[in-house]
Structures are given as C-alpha cells and as structure tokens.
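This report covers the overall form of one protein chain and then a few of its residues.

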Amino acid sequence: MVQAKKIALYLLIVFVLYTIITSPARAANLVQIGFEGISSAAQGVGEFMTQLIK
C-alpha cells in the first residue's frame, strides 16, 4: 500500500511539472484561482468568528 502511495505521488509530481513546463500561463492561472479560493474561505471563517464574538 505504501508503494502505491509513493507511485501516485510521483505521478502527481510529474503531471504538475509537465503542466507547468508546457503551459506556464495556464498553470499560473490555476494557482491564482486556488489562492483566491483559499483567501475567500479564510475571509469567510474570519467573518464567522467575528459574528460569534459580537
């Protein structure tokens, strides 16, 4: 089972590197979308906590 996880991880890394090398603009766009999503989620949690305190 550990070997399967290692192989899956290596395949994921190779896929990410291939995507970055072949299409850097698209990869940058996907990273930006991901960070915007994380930022929105963190902002939502912050607003929720602020409302709990009030």
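## Chain and selected residues

The protein chain exposes about 5000 Å², of which carbon and sulfur atoms supply 74%; accessible areas come from the Shrake-Rupley method with a 1.4 Å probe, and for residues only the protein chains shown count as cover. This is a predicted model, in which local features need pLDDT of at least 70 and side-chain atom pairs count only at pLDDT 80 or more, while totals for chains, interfaces and linings use all residues. Residues are numbered from 1 along each chain as its sequence is written, and side-chain values use heavy atoms, with hydrogens and water left out.

Two helices and zero strands are present in the protein chain; helices (H or I, at least four residues) and strands (E, at least two) are DSSP runs, numbered from the N terminus. The radius of gyration of the protein chain is 18 Å, well over the 10 Å that the globule rule gives for 54 residues, so the chain is more spread out than a compact globule. That radius is taken over C-alpha atoms, and the globule rule is 2.2 Å times the number of residues to the power 0.38. The C-alpha trace spans about 50 × 35 × 5 Å along its principal axes. Of the 54 residues, 2% are buried (under 20% relative accessible area; exposed is over 50%, partly exposed in between, with a 1.4 Å probe and protein chains only).

Helix α1 covers residues 2-22 and includes F15, which is exposed at a relative accessible area of 54%. F15 also belongs to a nonpolar surface patch with L9, Y10, L12, I13, V16, L17, I20 and I21, together having about 920 Å² of accessible area. Patches are made of residues with over 30% relative accessible area and no salt bridge, nonpolar side chains (Val, Leu, Ile, Met, Phe, Trp, Tyr) being joined within 5 Å and like charges within 9 Å. A salt bridge is a side-chain nitrogen of Lys or Arg within 4 Å of a carboxyl oxygen of Asp or Glu.

T19 is also in helix α1. Apart from neighbours within four places in sequence, T19 contacts P24 and A27 (heavy atoms within 4.5 Å). N29 sits in helix α2, residues 24-53, and is partly exposed, with a relative accessible area of 32%.

Two C-alpha separations follow.

| Pair | Apart in sequence | C-alpha distance |
|---|---|---|
| T19 and G44 | 25 residues | 31 Å |
| N29 and I53 | 24 residues | 36 Å |
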